[in-house]
Amino acid sequence: MLTFLEGLGRRTVRGIEELGYHAALFAESIYWLVWGKRIGQPVRNNHVVKEMVSVGINALPIITVLSFSIGIMLAIQGIHTLKTFGAQNQVVLGIALSVTREFAPLIVAILVAGRSGSAFAARIGTMKISQELDALKVMGINPVRYLLAPALLAMLVMVPTVTFFADLVGLLGGGLYSAAELGIGLDVYWERTLDVLDPEDLMQGLVKSVLFAVMISLISAANGFSVSGGAEGVGRATTRAVVMSIAAILVTDMLFTYFMNQ
Amino acid sequence: MATDPAIEISNLHVRYGDVDILQDVNLTVERGEVMVIMGGSGSGKSTFLRQLLGLEKLYGGSIKLLGKDITTLTGQEMYQMRKEMGVAFQGGALFNSMTVGENVMLPLREHVDLNEQTMQIMARMKLEVVNLAGFENLMPAQLSGGMIKRAAVARAIIMDPKLLFFDEPSAGLDPVVSAELDDLILKLKTAMGMTIVVVTHELESAFKIADRITFLDRGKLLMSGTVDEVRNSDNKRIQNLLNRVPEEEQLDADEYIRRLVGREE
């Protein structure tokens, strides 16, 4: 019993320590983004653009497939469920709210965590074990400024942007299926969607995606920077980065949704 | 200012947890000198180098580089200091995602405001110095071990630093390539007047390049002197290292039995 409590205590302390480390990384990145230029150590625009392409643009094809499928899936399930009450026309409301408030931000965040978060953790981890991080430091290039700050900024811009794109594609997917199934025109579906959709619904999803962007970058970077133990360590850190990111995304989503809808 | 020694270390004390890694290390490296740091595995020489590079926090004492105590410098002052330092890491530590030329140019891109062409010319000049002219468009993965180390030297000297550090330059290289690297170190000393600190355990290489040799042993400074002084030293540990004599461990019968049965007491 005592060892169990001791283990629990140690884990808690480690967890708080890690949270503190994330906060420190965040503060440092913001410092470099805001003050870097003034002290002659700017965050390079070309690095940010490169990260934006890899986080956002390169993810568009798969995001399109996923959110389109989600839209259709919601339409199928929605019509099937609502048929019981003879209210299948209400499916438009169901799709509009679920896509913009939940599914688009979630699917984008999970995909970015799996695609870019893992790659980022692996890249930093590999650089750590091959002493490239030390090489950066001794050259006077701060690794947080050089590696994390551009990635954080890129994620902050691209995750919400891609989420908005996923909103549109998801609604389109749901619309195409519903229009065919209910025998209404796509223009009518679209009109009704705009009718029921409040800007606040859209904003809720987008604000969440900003939070997710911050969490993915910090968790991935922190795991990368903490790598020890060679190639195996890099593998472990990469897995941990993805699992932790997705867990953080889902729990935050739940909490955020709870408080926003009180 | 110019009369300050290049490196001045007083009472350096490094500690991880409860273990003392380095203790009471006092050392001065004059400007333009090649100082070789030697010692067996676990002697603390890698830790010592990391301290000199300002990569680790120290427990006590002070390290002055070019007259400035790096333990008290602000972030911005340390940033300026780093422009005066070049480091060639053991495995080269070239950035794998960049070509050799981009690797060499990186410090220029970050620290000076020059146009692309000028930077390319400067990078090629340094690659000439290390005999790697024409290799600037290759990726690090396409280079041999010796070439990677030389490219790392080119990157280390691109800012014309006053202090140059080498971590195990001969490790993993064949004798001919290793000798070439020794010649390169001597060339950098005479042609560019750099102060060079080399951490190595290769005796031959140490005797060839060193002005002075410092021996670290079990976290303490054993001796610091010229090549001849080291050769003629009557210290047993140094002679063992020079003559490659294995350390004889004093066998304590009770201790041995305790280790075998796995008991602490």
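## Chain A at a glance

A residue counts as buried when its relative accessible area is under 20%, as exposed over 50%, and as partly exposed in between (1.4 Å probe, protein chains only). By that rule, buried residues make up 45% of the 262 residues in chain A of this predicted model. Local features need pLDDT of at least 70 and side-chain atom pairs count only at pLDDT 80 or more, while totals for chains, interfaces and linings use all residues. Residues are numbered from 1 along each chain as its sequence is written, chains are lettered from A in the order in which they are written, and side-chain values use heavy atoms, with hydrogens and water left out.

Chain A has nine helices and zero strands; these are DSSP runs numbered from the N terminus, with helices being H or I of at least four residues and strands E of at least two. Its C-alpha trace spans about 65 × 55 × 35 Å along the principal axes. Of the chain A contacts (heavy atoms within 4.5 Å) with a separation of 6 or more, 83% join residues 24 or more positions apart.

## Two domains in chain B

Chain B is assigned domain 1 (7–84 + 162–261) and domain 2 (96–160), with bounds that come from an automatic or database domain assignment. Their C-alpha centres lie 27 Å apart. Domain 1 of chain B brings 17 residues to the contact and domain 2 of chain B brings 14 residues.

## One face of a helix

Helix α2 of chain B (residues 75–82) has B:M78, B:Y79, B:M81 and B:R82 as its buried residues. Seen down the axis of α2(B), they fall within an arc of 160 degrees, so they line one face of the helix; the arc is taken from the directions from the helix axis to the C-beta atoms. The cover over these residues includes α5 of chain A, along with β4 (60–65), β5 (68–69), β6 and α3 of chain B.

## Enclosed cavities

On a 1 Å grid over the protein atoms alone, a cavity is a set of points where a 1.4 Å probe fits but cannot get out; a pocket is an open set with protein on both sides within 12 Å along at least five of seven lines, and lining residues have an atom within 4 Å of a point. Grid points are joined across faces, edges and corners, and a volume is the space filled by probe spheres set on the points.

The whole structure holds two cavities of 30 Å³ or more. The largest cavity has a volume of about 130 Å³, and A:M139, B:M85, B:G86, B:R155 and B:A156 are the closest to its centre among 15 lining residues. The second largest cavity, of about 40 Å³, draws at least three lining residues from each of domain 1 and domain 2 of chain B. Its largest share, three residues, comes from α5(B).

About 1,200 Å³ of space lies in the largest pocket. Of its 35 lining residues, A:K137, A:N142, B:G54, B:L55 and B:R82 are the closest to its centre. That B:R82 is also one of the buried residues of α2(B).
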